[in-house]
Amino acid sequence: MSRPLACALSTLMLAAALPATAQTPSSLKDLVGARAGQAEGELNRRGYQTTNRSEVVGDGRMTYWRRGDDCVLILTRDGRYASINQAGRSECGSGGSDRSNATAIAAGVAIIGLAAAIAAHNNRHRDADADHDREYQRGYEAALHGADYDARHETEGYHEGFLAGEDEGQNRRHATSGWMQNVPYAARQACSRRADAFQNRPDGSSVPIGVRDLGRGDYELTMATGSYRSRCVVSASGDVRAMEPY
C-alpha cells in the first residue's frame, strides 16, 4: 500500500470513530503538529493524564487523555500529533496514569533501549564515531524522559537520537498500559523474545504495543522493536505460532 493511500485510509478510519461534532479544544490547538514526546509533557503540565485506552488506526495510533471529566482523543502519526479532538466523557474510562509513573518506566528501560538503538543505528549507517554516539545518546535520553528538543545545540546525531527516544518512550508506555497487561505474561514474554531474534536486536529490545484476541486462548500481538513493527501470534502459555513483518 502506498503511503498517501495509507494516510487517506487512516484519516477515514479516524473520522468514522469520532462523533460528527468532534473538534479540537481551543486550549490544545497549539499542540497539533507538535512532536509527541514534547507534547506529552505539555499535556501533563496542563492537567491531562494518559488513560489505558489506545488503538492502532491505519499508520497512526489513537490515544485518550483525561482532565477531570474532560476527555480528548489524539491521533499520533510519524511521531507527531496529527489531530486532537474532543471525545465523550465515557471514552476515557476510569483508568489513568501520571507523569511520574511514565518517567519511572522509561528510566527503568533506558539502558537496554539506548544500547539497542545505538547498535541498530550504527549498523545501518556504519557509523562508529564516539562523538556521534554521544550526541545520539543525548537526544535519545532527552526524548525518553520528556525533555524539550534542544534546537540551539542540534546535531545530526542528537536529532536522530531524539526521534528514536520518542519512539521508544511511546512503545514502553503502551507496553505497560492496563489493556496490554491483560495479556498473559507468558505470551508477552515469548513474543518479546521472538521479536528480538526476528529483528536481530539485543534481548529486551522488543515490547508488545497492541493486541487482538483471536479466541481459544490465542492472541495476535503487535510488537515494537524501536521503530520497527512485527506481528506475533501466540498462545496464552507462550507457544509462538507465527511471526511476520507488520
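This is a predicted model: local features need pLDDT of at least 70, side-chain atom pairs count only at pLDDT 80 or more; totals for chains, interfaces and linings use all residues.
Colleague: Which residues touch the most other members in the largest nonpolar core?

Modeller: In soluble globular proteins, nonpolar side chains tend to be buried together. Here the largest nonpolar core has 14 residues, and those touching the most other members are Val183, Cys191, Leu221, Met223, Cys232 and Val234. Helix H6 (178-181), H7, E6, E7 and E8 each supply at least two residues of this core, and H7 gives the most, with four residues.

Colleague: What is the order of the strands in the open sheet?

Modeller: Strands of a sheet pair through backbone hydrogen bonds, and the pairing is either parallel or antiparallel. In this model the open sheet has four strands in the order E5-E6-E7-E8, with antiparallel pairing; strand E5 (206-215) and strand E8 (240-245) are the edge strands, each pairing on one side only. The twist averages 20° from one strand to the next. E5 and strand E6 (residues 218-225) are joined by eight bridges in the antiparallel sense, and arginine 212 stands opposite glutamate 220 in E6.

Colleague: Which strands does helix H7 lie across?

Modeller: Helix H7 (residues 185-198) lies across E5, E6, E7 and E8, and runs at about 45° to E8.

Colleague: Why is the pair of tyrosine 149 and phenylalanine 162 edge-to-face?

Modeller: A pair of aromatic rings is described by the distance of the centres and the angle of the planes. For tyrosine 149 and phenylalanine 162 the centres are 4.9 Å apart and the planes stand at 80°, so the pair is edge-to-face. Tyrosine 149 belongs to the loop between helix H4 (130-144) and H5, whereas phenylalanine 162 is in helix H5, 13 residues apart. Both of these residues are buried. Tyrosine 158 and phenylalanine 162 form a tilted pair, with 5.9 Å from centre to centre and 40° between the planes; because they are four residues apart in helix H5, they are separated by about one helical turn. Tyr149, Tyr158 and Phe162 form one aromatic cluster.

Technical notes:
Residues are numbered from 1 along each chain as its sequence is written. Side-chain values use heavy atoms; hydrogens and water are left out. Two strands pair if DSSP finds at least two bridges between them. Axes are lines fitted to C-alpha atoms, for helices over the stretch in contact, and angles run from 0 to 180 degrees between N-to-C directions. Contact means heavy atoms within 4.5 Å. A nonpolar core is a set of buried Ala, Val, Leu, Ile, Met, Phe, Trp, Tyr and Cys residues joined through side-chain atoms within 4.5 Å. Buried means under 20% relative accessible area, exposed over 50%, partly exposed in between (1.4 Å probe, protein chains only). Rings of Phe, Tyr and Trp (its six-membered ring) pair if their centres lie within 6.5 Å; planes under 30 degrees apart count as stacked, over 60 as edge-to-face and the rest as tilted.
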